[in-house]
Every structure is written in structure tokens, then in C-alpha cells.
Amino acid sequence: MTEQRITIQINEDGQISAKTSGFRGDICMDALQEILGSDELFAEVKPTDDFYVQIRTSTVNKIQQRGGSR
């Protein structure tokens with residue numbers, strides 16, 4: 001798995017900029033919100049190509065009957 005990294009910079013005026021790497025899809029936005037708090041802090045978002053990558057997920061349900069009938 002690729003290392004996930006978030007680099008946060010705060011300039012002299014107090015403006016915050018953050019850059020993510022190693023994330024696929026929009027999960028990076030969730031990570032930034034967890035660190036920075038509200039998404040109201042995001043004045044501008046510049047998505048990279050990785051932002052548009054769709055993440056494949058699958059769910060497997062397995063039902064097993066235990067024992068005999070009651």
C-alpha cells in the first residue's frame with residue numbers, strides 16, 4: 001500500500017494550505033476534515049488525478065447455519 005501523507009503549511013498571514021499524497025478517491029477530503037475540522041476552512045480545492053480514481057469495494061455476506069433444527 002502506498003504511504004498516505006498530508007502536508008500542512010501555515011503562512012505568516014495565518015492562511016492554511018494542505019496537500020495530500022497517496023490517497024485514492026475523495027477519501028483525502030475526509031482525512032483533511034478530520035485533521036482541520038470543518039470543511040468551511042477550504043476556500044479552494046484543486047483536485048489531482050488521484051482524486052478522480054474510483055475505489056473498488058465489495059461486500060461479502062456469508063450466512064452459516066449452526067447445529068440442527070430445533
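User: Among contacts between residues at least 6 apart in sequence, what percentage join residues at least 24 apart?

Analyst: The model is a predicted one. A contact here means heavy atoms within 4.5 Å. Among the contacts between residues at least 6 apart in sequence, the share that joins residues at least 24 apart is 28%.

User: What pattern do the helix and strands follow along the sequence?

Analyst: The secondary structure of the protein consists of 1 helix and 2 strands. Read along the sequence, these elements give the pattern β-β-α.

User: How many bridges join β1 to β2?

Analyst: The strands β1 and β2 run antiparallel. They belong to a hairpin that has 5 residues between the strands, and G14 in this hairpin takes a positive phi near 85°. The number of bridges that join β1 to β2 is 6.

User: Why do the buried residues of α1 count as lying on the same side of the helix?

Analyst: The buried residues in α1 are C28, M29, A31 and L32. They lie on the same side of α1 because the arc they cover around the axis is only 160°.

User: Which strands are included in what covers the buried residues of α1?

Analyst: The helix α1 spans residues 27–36, and C28, M29, A31 and L32 are buried in α1. What covers these buried residues includes two strands, namely β1 (5–10) and β2 (16–21).

User: Which residue just after α1 takes a positive phi?

Analyst: The place to look is just after α1, where the phi is positive, at about 95°. The residue with this value is G37.

User: Which residue meets R5 in a salt bridge?

Analyst: The structure holds 1 salt bridge. R5 counts as partly exposed because its relative accessibility is 45%, which lies between the limits of 20% and 50%. The side chain of R5 meets its partner at 2.9 Å, N to O, and that partner is E3.

User: Is E3 buried or exposed?

Analyst: A residue counts as exposed when its relative accessible area is over 50%. The relative accessibility of E3 is 54%, so E3 counts as exposed.

User: What accessible area do I8, I10, I16 and I35 have together?

Analyst: These four residues form a nonpolar patch on the surface. One of them, I10, lies in strand β1, and I10 is exposed because its relative accessible area is 60%. Together, I8, I10, I16 and I35 have an accessible area of about 370 Å².

User: How far apart in space are K46 and K19, C-alpha to C-alpha?

Analyst: K46 is found in the segment after α1. With a relative accessibility of 67%, K46 counts as exposed. K46 and K19 are 27 residues apart in sequence. In space, their C-alpha to C-alpha distance is 9.4 Å.

User: What percentage of the accessible surface belongs to carbon and sulfur atoms?

Analyst: Of the 70 residues in the protein, 10% are buried. The accessible surface of the protein comes to about 6,900 Å². The part of this surface that belongs to carbon and sulfur atoms is 44%.

Methods. Residues are numbered from 1 along each chain as its sequence is written. This is a predicted model: local features need pLDDT of at least 70, side-chain atom pairs count only at pLDDT 80 or more; totals for chains, interfaces and linings use all residues. Side-chain values use heavy atoms; hydrogens and water are left out. Helices (H or I, at least four residues) and strands (E, at least two) are DSSP runs, numbered from the N terminus. Buried means under 20% relative accessible area, exposed over 50%, partly exposed in between (1.4 Å probe, protein chains only). The arc is that of the directions from the helix axis to the C-beta atoms. Two strands pair if DSSP finds at least two bridges between them. Patches are made of residues with over 30% relative accessible area and no salt bridge: like charges are joined within 9 Å, nonpolar side chains (Val, Leu, Ile, Met, Phe, Trp, Tyr) within 5 Å. Accessible areas come from the Shrake-Rupley method with a 1.4 Å probe; for residues, only the protein chains shown count as cover.
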